[in-house]
Amino acid sequence: MISLLFTKFRIHPLFWLIIAAGMATGHLWEAAIAFFIVLIHECGHAAMALHFGWIVKKIELLPFGGVAELDENGDDSFRRESAVILAGPLMNVVLALIGPFLVLLPFWGTAQQEIFRNQNLAILLFNLLPAWPLDGGRLLHLVLQQFYPFRQAYRYILIFSWVVLILFSALMLWLFSFSASFVVVALFLTVVIFKEWRAIPLHFIRFLLALSRRTHPAARIRNLYLRPETRLVTVFSMFYRNSEHHIFITGSRDGPLEGRRLVTDYLLGRHPGPLLGDCRDRPADRFI
Ligand SMILES: [Zn+2]
């Protein structure tokens, strides 16, 4: 974990800006404590991810907190993914519990104690907001993926995140009037959500690749009943995470097509045509 911190640790330029602003305005302790809390929070995510054998690409401190960039092969279970997401906020709970004992440190007074308590609570609550890419948003995304196909769930969480961000910004402006640091954070999150929206096709291709390479059995089997003139890309847009898909073609008396096999053949360019009906008479695609 220590070596990981040194090799994968990054600080976003905007985080430096907020630290510099803190120092310039004589709030050095606030900046240092925020840095420490965010770092511990991100280490929580990274430690849980390493525990599950995921690859930690980088841990970056951002103006609103931080992000542990992980590669979890795109198709892990709901239980593992939610554990990695919750490990961050859990570290804030741990910090709240050990907080009272920090007064035993020689350089730690009641002023630092109060800053620590307030910032830890603020970071915990802010991270639990149901907006991407905060932990609350990621958790909601995970729940949405249980009820909606992969691509649709991605669109829903990002649209919902924009709405939450606008409402939360309005609430903050109403409660605390203008705050330059909050405007920086809100603009930053808007850009992150927009970039994520544009990256949906890329995530979708990664999802299909992970699905075609999956070796473990999926958590659920989902049956799809579709017309033969349905385009294959439309069929794939109906696919869920952690699921096996059985596709029944209306008007056909044959058994179902296996979704994973369809994806593999499509990615390898083995399909005779772009429509589902084109795959109808290929016995190799069917279950025995
Ligand atoms: Zn987090």
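Predicted model: local features only at pLDDT ≥ 70, side-chain atom pairs only at ≥ 80, totals over all residues.
Trainee: How many helices and strands does the chain have?

Mentor: Helices (H or I, at least four residues) and strands (E, at least two) are DSSP runs, numbered from the N terminus. The chain has 11 helices and six strands. Its C-alpha trace spans about 75 × 40 × 25 Å along the principal axes.

Trainee: At what angle do the axes of H4 and H5 cross?

Mentor: Two packed helices are described by the angle between their axes and the distance between the axes. Axes are lines fitted to C-alpha atoms, for helices over the stretch in contact, and angles run from 0 to 180 degrees between N-to-C directions. Here the axes of H4 (residues 78-98) and H5 (residues 110-127) cross at roughly 160 degrees and come within 10 Å. H4 and H5 are therefore roughly antiparallel (angles over 145 degrees).

Trainee: Which residues make the contact between H4 and H5?

Mentor: Two residues are in contact if their C-beta atoms, placed from the backbone, lie within 7 Å. H4 contributes Gly88, Pro89, Asn92, Leu95 and Ala96, while H5 contributes Asn120, Ile123, Leu124 and Asn127.

Trainee: Where is Trp108, and why does it count as partly exposed?

Mentor: A residue is buried if 20 or more other C-beta atoms lie within 10 Å of its own, exposed if 12 or fewer, and partly exposed in between. Trp108 lies in the loop between H4 and H5, and counts as partly exposed because it has 14 C-beta neighbours inside 10 Å. Setting aside residues up to four places away in sequence, Trp108 touches Leu102, Val103 and Gln113. Across the 288 residues of the chain, 28% count as buried.

Trainee: How is the chain divided, and which helix gives the most to the side of domain 1 that touches domain 2?

Mentor: Domain bounds come from an automatic or database domain assignment. The division is into domain 1 (1-128), domain 2 (132-198) and domain 3 (208-285). The C-alpha centres of domain 1 and domain 2 are 19 Å apart, and 15 residues of domain 1 are in contact with 13 residues of domain 2. On the side of domain 1 that touches domain 2, H4 gives the most, with six residues.

Notes
Residues numbered from 1 in each chain as written. Parallel < 35°, antiparallel > 145°, perpendicular 65-115°, else oblique.
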